[in-house]
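Reader: I am new to this structure and would like to learn how to read it. Could you take me through a few features, one at a time?

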Amino acid sequence: MKAIFKKITPFQLLVILITSVTLSFFNSFALSVLNNGGWGTMKGSFTLKNIFAFCFLTIFFSFLSIVIIEISKKKYRFTKVPNIFNKVNNFFSSYKRTAIFLIIIWGFFLLPFLPVVSGWDIVGSFHEMVDTRSADFTKNIFNIYPIASYLTDGSSTMWTNQHGAFLTAFYALTLKYSWLLSKSFLPGYVFLGLFHFLFAIYAYTKAIVYCERNVQNSILKIIGLILIIFNPMIFLNTISLSKNPLFVSSFILFFVLMFEFYRNNGIVNKIWNINMFISVLIGILAVKWALYVYLIVGLLYILIYKKIALKSVIISIIFPIVLFKVSLLILVQQGVVLKDDPIESKGVQIQQVARYVHDDPSILTKDEYQKLNRIFDVDNIGNLYSPAISDPVKSSGGGNFNDDSKLGYRYRTVKKGDWKEFNKVWLDLVKRNPQIAVDATVAQVGSYLSPSQQPLADYALTMPNDVIGHGYGSLSISKWIYHFYHNKIRTKAISVVFDLFTNKYVGYILHGNFWIFILILILPVFVTSIKKLVLVMPILLQIVISMLSPLANSERYTLGILAVMPLVLIITFMNSDKNSMVTIGQEKK
């Protein structure tokens, strides 16, 4: 044991302690909040039972991390494995064979879900591109999100950045012209579905082949293949017309290119530059927060590899980010795209404030009440508060227009200056009674770190049938489409996926919070150098982003983590024989 500890750096020990304590807290004391659907309280949770559980779990998780470090250092290489394993690995060392296999096997799995699946975002996107401004505020799509009137008044545009301005235009205009040319959305769905699917095939093929050619451990590669190929949360999202699934494919490609960059110490070729440019551009077009994830990685690369790869990093990572940001700023400044509402960046804070009003409405002073009441209907937000989602407090959803009791965010009357005092009021409440703020925070973020909490099944398996109007038909009941979305086979397939997701054994592999838990356990392996830590930095950032999202324990926001973790496991325990290194884009000789 002493010999093992000698191999572990002091910083690794510190990280082990921090990660173990964090995981132990959210899987012991925090359960008093989480096991009650987020409605519980930390008050009174420090019982002898919970203290014992916390201490035991801290020791156990620390032990697991130390064992993982020891195993990762030994770089086990199994020389005696069934011949079938070697044949499988050899099969997947070819780009062509891997791509064809994924197309066939995923295509078969996806048959009941063709041509595409999507959530309500596609409806909102379509409305933005085909609606015209109405005097009836209930018919303007930006009031369903909603976006404050001071940001929308005086403009004729309906185009927002709510779901990514450029992705919104891509989806909606494709469907719009599909209808205009054929009186059906089916051609548009087929085109968008093929785009998503083929890009996913490209990204996963790159990742699988690179690992096959650079990892010596046959058993490890087989496990990775199984976790990627047969996970329905992965293959179902290859045809999901939504921002998060598209980002996932971008991130898989981005991650394997990071791995190649790390192994080559920053020495890359033009093919790497092109692939990285594509992955970054599509990622930031898909989700707004990807810009910050990729930008942080790019800046770290500049600091670490400035003498080796400065030009490559600027061209392939920084340039597409700048191009995207400048283009969006021009569209916003010219009034073509509406500005984002500031409430979108205050998810945790507004949940905390709403919980204060729910748990102890008398805590607000008269002055604080007046300041908050300019932004929210304070008399309502306590009843609207839900630990699972912040949308009710934000007045999100068109069904609330005719019910004043459902008004949370005063988006029609709030002014920009009303937000100036919000942070001060929030901070004063936290100082006055930190207990409620802790409860609200644990309810919002805790389930992402506790695999015993089943995630919200917010993945799409069907297509909203909203009627668009303006001469356009229903999105799923129009010509040629009805039977795709209304048949027994699709209904049964949806039921099978849901049963797998909720299964108390298999379900863990399908849950994003389980893979967050695993990542934190193996994190100490990656803190031996800044270069190695950068490999998992974008995944760690996605954990934070998930916690700051409008949803508690969302499967959708953790898709990127779930999809990339099989590759992380391979990297953690791989044999790092650099003589076997092959650069993406080169054929194996």
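Predicted model: local features only at pLDDT ≥ 70, side-chain atom pairs only at ≥ 80, totals over all residues.

Reader: Which residues of helix 11 are buried?

Author: Among them are Leu220, Ile222, Leu225, Leu227, Ile228 and Ile229. The buried set also includes Ser218, Lys221 and Gly224.

Reader: What covers the buried residues of helix 11?

Author: Several other helices take part, including helix 5, helix 6, helix 10 and helix 12. Helix 23 (512–522) and helix 25 (559–573) also belong to the cover.

Reader: Why does the distance between the ends of helix 11 agree with its number of residues?

Author: The idea is to count 1.5 Å a residue.

Reader: Which residue caps the N-terminal end of helix 11?

Author: That is Asn217. Look for its side-chain oxygen, which lies 3.2 Å from the backbone nitrogen of Ile219.

Reader: Now for single residues. Is Thr58 buried or exposed?

Author: Thr58 has 12% relative accessibility, so it counts as buried. You will find Thr58 in helix 4, which covers residues 48–74. Leaving aside residues up to four places away in sequence, Thr58 touches Ser20, Val21 and Ser24.

Reader: And why does Thr441 count as partly exposed?

Author: Partly exposed is the range between buried, under 20%, and exposed, over 50%. Thr441 is at 26%, so it counts as partly exposed. Thr441 lies in helix 20, and its contacts beyond four places in sequence are Val348, Gln352 and Gly446. With Gln352, the side chain of Thr441 makes a polar contact of 2.6 Å.

Reader: How far apart in space are Thr441 and Val81?

Author: Their C-alpha atoms are 48 Å apart, and 360 residues separate the two in sequence.

Reader: Which residues form the nonpolar patch on the surface?

Author: Ile103, Val190, Leu194 and Leu198 form this patch, and together they have about 320 Å² of accessible area. Helix 10 gives the most to the patch, with 3 residues. Val190 has its place in helix 10; its relative accessible area is 36%, so Val190 is partly exposed.

Terms used. Residues numbered from 1 in each chain as written. Heavy atoms only, no water. Helix = DSSP H or I, 4+ residues; strand = E, 2+ residues; numbered from the N terminus. Expected span 1.5 Å × (residues − 1). Buried < 20%, exposed > 50% of the residue type's maximum accessible area, 1.4 Å probe, protein only. Contact = heavy atoms within 4.5 Å. Polar contact = N/O pair within 3.5 Å; in protein donor to acceptor, adjacent residues only side chain to side chain. Patch = residues over 30% accessible without salt bridge, like charges linked within 9 Å, V, L, I, M, F, W, Y side chains within 5 Å. Areas by Shrake-Rupley, 256 points an atom, 1.4 Å probe, with all protein chains shown as cover. Salt bridge = Lys/Arg side-chain N within 4 Å of Asp/Glu carboxyl O.
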